[in-house]
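Morning, everyone. Please have the structure open while I talk.

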Amino acid sequence: MQAKKKLDYKRISLNKFLSIVKQILVSYNCDTEGFSQLFRDKEIFLFSSSFDQIEVFSNKNNDKLNEILTKLRELNLYPYSIGEPIVKILKGKVYPLLPISEYLSQVCKNKIFLNNSKLVEKLTYGKSVLVDFRDVKATCELSDNKKYLIYSEDAIFIAFTRVKMKKKFVEIIPDLDIGWYLREGK
Amino acid sequence: MNINEYIKKYEKLFTVSPSFRAKQLARKYGFLDYMIERYIHMMEDELEDFLYHCSVPLIKSIRCNDILIDCERLVSRLENKGFMLEKVTWLPHGYKVIKMPKTPSLGATIEYLSGYYYIQGLASMVPPYVLSPRENDLVLDMAASPGSKTTQLSQLMRNKGLILAVEKSRDRIRSLMSNINRMKAKNVILLRTDSKNLVKTSMKFSKILLDAPCSGEGLIPEDPRRKTKTSMSDLKIFFEEQLKLITTAYLLLGEEGTLVYSTCSIAPEEDEAVVNFAIEELGMKTDKIEGYPAQPGLEEFMNVKFSSEVKKCIRFYPHKSRTEGFFVCRLRKS
């Protein structure tokens, strides 16, 4: 995680994790039980610094993971990340990070598929798009000011968004899109 | 013999007197004089062919991430966007990009952003294959940014086992983190520190990749500024740091463990001279690397002899392999 203050981390339980991400699961209309199943075999860590972040490592009871973390701690070394960053917590608000999309995709209902590749491309530049209702394929009824996961026509995750309903159009406003990797990662 | 004594012993490597011919060719091709003098010793009859190919841009290449997508499907998707790919027979996941559309660029497709491929030099894909990590290995990647090899190791391990990816630089760790997440590598602990700090623990790894920080003398076809960037004294500084890093790798490697040492440099001072230290002073052994269109390591350079074990290492040259210049060596602790 990016932070200027000193990092620290601790393991947290699945229940604690679920309580933290609860608002995200509600926002995207997700099946909490299904979501929790996806994390049963994972180690979950809460990183703390100038903001908090939750990261998950794939194999629970991984002896090597425990050994490495113990030995690093002996040297007063703290990992920058462990596995996948899932959510960021800033001033009490919880924000999804891109890797969580893989999990949400499996258990959430608020999904929009766009069959217009130009609009998809525009979203990856972090820009809002106006979409004709005819170009929208949603897995649930669209509601104003609600959160939706956006996919390309062939189900590639593109962005976390919220939508605004207009007369003939839906405005899709990205909160975080996969173009972030290009903009921030270089 | 300690590192300082070793550097003293091989001081001759860093006292190059450019000949008239070297100076002439340096002017013709825009290199530093000392570089050409070394190339005269390395390339002999192939010198001008090599120098010419240093000015020919390399064909872009990608590594397909078969954890996320079937590679044939990736090829088909990219071809639908106007790209044309050609499979590289000697790399399991490597493709040359032989044609590109005006838009999108190779680094801005949905497939790229989704982690379906990594834009990576062909020779740069070789070290992880040579290390060949298994799903239960504990792997150390000692200088991990920007993440091409870390994510490739993770792919080869099918996201199992564990990789400790270490990066010293605060600036470079950001791109490393981004690439690890983009490629959906899930078995990586990322640590910002100098790898040398790890020897203070009893940590031992079954496999280590040391893709050492280097002059980048192999990347001249991609970045012509490197023809004049590295002075002889810079090269010596890299050499000293590489000796420290390979010593660290040796200390962190478990018994019978495997170390792959690689650089994106064709400078023997950063390659064979470093591996020679691991052989002669640390008692490591090299394994022959086969199956790549590469040349053997140099046993002798500028009248300095190295252990004959260095012949088992491999070198890639732009004029022979049509790749970036690269060096790869597999060592065992026994």
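Cys71(B) counts as buried because its relative accessibility is 12%, and buried means under 20% relative accessible area, with exposed over 50% and partly exposed in between, using a 1.4 Å probe and protein chains only. This is a predicted model, where local features need pLDDT of at least 70, side-chain atom pairs count only at pLDDT 80 or more, and totals for chains, interfaces and linings use all residues. Residues are numbered from 1 along each chain as its sequence is written, chains are lettered from A and ligands numbered from 1 in the order in which they are written, and side-chain values use heavy atoms, with hydrogens and water left out.

What is Cys71(B) joined to? A disulfide joins Cys71(B) to Cys64(B), S to S 2.1 Å; a disulfide here is a pair of cysteine sulfur atoms within 2.5 Å. Cys64(B) is buried too, at a relative accessible area of 0%. The angle about the S-S bond is -95 degrees, and the link is left-handed.

Staying in chain B, Cys313(B) and Cys329(B) form a disulfide with an S to S distance of 2.2 Å. The pair links distant parts of the chain, 16 residues apart: Cys313(B) sits in the loop between strand S13 (304–305) and strand S14 (314–316), and Cys329(B) in strand S15 (residues 326–332). Helices (H or I, at least four residues) and strands (E, at least two) are DSSP runs, numbered from the N terminus. This link is left-handed, with -45 degrees about the S-S bond. Cys313(B) is buried at 1% relative accessible area, and Cys329(B) is buried at 0%. With the bonded cysteines of chain B numbered in sequence order, the pairing reads 1-2, 3-4.

Which cysteine sulfur is nearest to that of Cys54(B), which is in no disulfide? The answer is Cys264(B), 13 Å away. Cys54(B) is buried, with a relative accessible area of 2%. Cys264(B) is in no disulfide either, and its nearest cysteine sulfur, that of Cys214(B), is 3.3 Å away.

Over all chains the count is 3 disulfides. In chain A, Cys30(A) is joined to Cys108(A), S to S 2.0 Å. Cys30(A) lies in the loop between helix H1 (14–27) and helix H2 (32–38), and Cys108(A) in the loop between helix H4 (101–107) and strand S7 (111–114), 78 residues apart. The link is right-handed, at 95 degrees about the S-S bond, and both cysteines are buried.

Next, the strands. Strand S2 (residues 84–87) of chain B pairs with strand S3 (residues 94–99) of chain B in the antiparallel sense over 4 bridges; two strands pair if DSSP finds at least two bridges between them. Met84(B) has Lys99(B) in S3(B) as its bridge partner. S2(B) and S3(B) form a hairpin, with 6 residues between them.

Last, the lining of the second largest pocket. A pocket, on a 1 Å grid over the protein atoms alone, is an open set of points where a 1.4 Å probe fits, with protein on both sides within 12 Å along at least five of seven lines; a cavity is a set the probe cannot get out of, and lining residues have an atom within 4 Å of a point. The second largest pocket is lined by 26 residues, and Lys88(A), Tyr95(A), Pro96(A), Leu97(A) and Leu176(A) lie nearest its centre. S6(A) gives the most to this lining, with 4 residues.
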